[in-house]
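Here's a quick briefing on the chain shown below. Have a look at the model first, then run through the notes.

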Amino acid sequence: MTALILALVAGAVVGLALGGLGGGGSVLAVPALTYLIGMPPAAAITASLIIVTLTSVTALTGHARDGNVAWRTGLLFAAAGIVPAMLAGMVAGHLPQAGLTIAFAGVAGVAALRMLRPAPAPAAGEVRPVRAGAAGAGLGAVTGLLGVGGGFLAVPALTRVLNLPMRRAIGTSLLVITINSIAALGARAGAGVQLDWSVIAPFTAAAILGAWDGKRYAQRLSGNTLRRLFAYALLVVAAFMLADAFI
């Protein structure tokens, strides 16, 4: 019963992040599954990819209905990350768990610091394919290696590299997350990880419901407020994981 309650609460928080910010689902889901529910790290990473994929698809439909998804841009950005995501997913199974935990905390901390910086106004001009491809490939590698959808890094990349407005970047990020997560799952399909569906199912259900609420609340709050709140949450997660790795 305790695991069920924790899964529902954590799932709601993950959904709020995805629906409201277009990212942050996995970077919250993996620690929740590992530290609150007690899943082994490898199982937690695979479970987070399942949860985030299904939740992102649901949230994506709402943002697409509002016209806040740049389909062509998102598909090009995500396509560059598919192969790196699959390759990194295969490599991840051979790396020490402590190293992955430290890397995960580092990525979360960097993402938080980037979110705390004021977002620049979208600049006019054409997208540079090389920069866009490099950003997409890097995002895919992070997705496969650490089991994160990459949205918390995709939104800054979409606004700074591809010059998308914040609302449109959030919706497009969900498209990128979905594609990257599916690719990473494909790489992990034969890993033989045991998954606890009694936890994953309610976690996912709560995340999907939370994503709808996150989208609605995001429309009431300023983008700066949303970014700062989420950045502080990421810093707490990063500090906790580093402490666990070294203590």
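Leaving aside residues up to four places away in sequence, Thr34 touches Met39, Pro41 and Ala44, where contact means heavy atoms within 4.5 Å. Keep in mind that this is a predicted model: local features need pLDDT of at least 70, side-chain atom pairs count only at pLDDT 80 or more, and totals for chains, interfaces and linings use all residues. Numbering starts from 1 along each chain as its sequence is written, and side-chain values use heavy atoms, with hydrogens and water left out.

**Thr34**
- Thr34 sits in helix 2, residues 25-36 (helices are DSSP runs of H or I with at least four residues, strands are E runs of at least two, numbered from the N terminus).
- Thr34 counts as buried because its relative accessibility is 18% (buried is under 20% relative accessible area, exposed over 50%, partly exposed in between, using a 1.4 Å probe and protein chains only).

**Whole chain**
- The chain has 10 helices and zero strands.
- Of its 247 residues, 49% are buried.
- Take the contacts between residues at least 6 apart in sequence: 86% of them join residues at least 24 apart.
- Accessible surface comes to about 10,800 Å², and 70% of that belongs to carbon and sulfur atoms (Shrake-Rupley method, 1.4 Å probe; for residues, only the protein chains shown count as cover).

**Val13**
- Val13 belongs to helix 1, which covers residues 2-21.
- With 42% relative accessibility, Val13 counts as partly exposed.
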